[in-house]
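Subject: Structure handover and findings

Hello,

My notes on it follow below.

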Amino acid sequence: MTNLVKKSRELMRQMTVENGAPVWELTETATAKGEELSEKYGVDTETVLAALYLAHICFDKQVGGEIQKNHPDLSAIMAEKYLDSWGCPEEQQMTILEAIRDHHKSGKPNSLVAEVMKNAECYKFITWDKLSVYYDDLLSRGYSKEEAKKYVLHKFDQKKAILTFPECIRDAEVGYIGIQEALQKL
């Protein structure tokens, strides 16, 4: 693990505790997928992982709240200060910040690094084994089962709609069947 990735991971870990969200297991799911996709698409893994860890350093437990809605821009603003202080090269900083800002936007981002990051970040919400972690987290925050089910489906739909890599889209389509079956049993 490079120094930049280590510092980004440590900051995200700290902010996850402070913000009470997102679920750490899902962060690690995204970074594992980011490593895999970085290798497959031949992009800098360090940059992708730093972007994935820093994408949610400004976050909140309130689903649909202002911080959650604006976390890509808020996290990018916060991340820029850290990247500067860590001595991250300017070009790499720009790539990381672009990926953070664009990870909820539809369509192809301007860089392959940002596209890898976005697909990896979305991946944590396209199968029931990971969405069940989010579902349980919502219940622990006081949401009812019906509210949690609604938010789980919303999160799946939101993430599936912005995937761009064919293999991730295919996995989401397959995952949807398992998600529907699991939700019916709850």
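A disulfide is counted here when two cysteine sulfur atoms lie within 2.5 Å. Please keep in mind that this is a predicted model.

**Cysteines**

How many disulfides does a search of the whole structure find? The count is zero. Two cysteines show why. The sulfur of C88 has its closest cysteine sulfur in C58, at 19 Å, so the gap is too far for a bond. C168 has its closest cysteine sulfur in C122, at 8.5 Å, and that is also too far because the cut-off is 2.5 Å. Both side chains belong to buried residues: C88 has 8% relative accessibility, and C168 has 0%.

**Pocket**

The largest pocket has a volume of about 340 Å³. It is lined by 23 residues. Nearest its centre lie F59, Q68, Y134, K155 and Q158. Which helices each supply at least two residues of this lining? They include α4 (66–85), α7 and α8. Helix α8 gives the largest share, with five residues. By class, the lining of the largest pocket splits into nine nonpolar, seven polar and seven charged residues.

**Helix α8**

Helix α8 covers residues 145–162, which is 18 residues. From first C-alpha to last, α8 reaches 26 Å, close to the 26 Å expected at 1.5 Å a residue. Its buried residues are A148, K149, Y151, V152, K155, F156, K159 and I162. An α-helix has 3.6 residues a turn, so residues three or four places apart point the same way. Read the buried list of α8 with that in mind: it includes A148, Y151, V152, K155, F156 and K159. Three lysines are on the list too, namely K149, K155 and K159. What covers the buried residues of α8? The cover includes α6 (112–123), α7 (128–140) and α9.

**Cavity**

The structure holds one cavity of 30 Å³ or more. The volume of the largest cavity is about 30 Å³. Its lining consists of M12, T27, A30, L52, H56, E121 and K124. By class, that makes three nonpolar, two polar and two charged residues. L52 links this cavity to the next helix: it lines the cavity and is one of the buried residues of α3.

**Helix α3**

Is α3 (residues 45–54) mostly covered or mostly open? It is mostly covered, with eight of its 10 residues buried. The buried ones are T47, V48, L49, A50, A51, L52, Y53 and L54. The cover over them includes α1, α2, α4, α5 (90–102) and α6.

**A cis peptide bond**

Check the bond from A21 to P22 when you set up the model. It is cis, with omega near -10°. P22 sits in the loop between α1 (3–19) and α2 (24–41).

A114 is in helix α6. It is buried, because its relative accessible area is 1% and the cut-off is 20%. Leaving aside residues up to four places away in sequence, A114 touches A99 and P109. A114 and L97 are 17 residues apart in sequence, and their C-alpha atoms are 9.1 Å apart in space.

K7 is in helix α1. Its relative accessibility is 28%, so K7 counts as partly exposed. W86 is 79 residues from K7 along the chain, yet the two C-alpha atoms are separated by 8.3 Å.

I177 is in helix α9 (residues 166–185). Is I177 buried or exposed? It counts as exposed, because its relative accessibility is 52% and exposed means over 50%.

**In brief**

The search finds zero disulfides. The largest pocket is about 340 Å³, and α8 supplies the largest share of its lining. One cavity reaches 30 Å³ or more. The A21 to P22 bond is cis.

Best regards

Methods. Residues are numbered from 1 along each chain as its sequence is written. This is a predicted model: local features need pLDDT of at least 70, side-chain atom pairs count only at pLDDT 80 or more; totals for chains, interfaces and linings use all residues. Side-chain values use heavy atoms; hydrogens and water are left out. Buried means under 20% relative accessible area, exposed over 50%, partly exposed in between (1.4 Å probe, protein chains only). Helices (H or I, at least four residues) and strands (E, at least two) are DSSP runs, numbered from the N terminus. The expected span of a helix is 1.5 Å times one less than its number of residues. Contact means heavy atoms within 4.5 Å. On a 1 Å grid over the protein atoms alone, a cavity is a set of points where a 1.4 Å probe fits but cannot get out, and a pocket is an open set with protein on both sides within 12 Å along at least five of seven lines; lining residues have an atom within 4 Å of a point. Grid points are joined across faces, edges and corners, and a volume is the space filled by probe spheres set on the points. Ala, Val, Leu, Ile, Met, Phe, Trp, Tyr, Cys and Pro count as nonpolar, Asp, Glu, Lys and Arg as charged, and the others, Gly among them, as polar.
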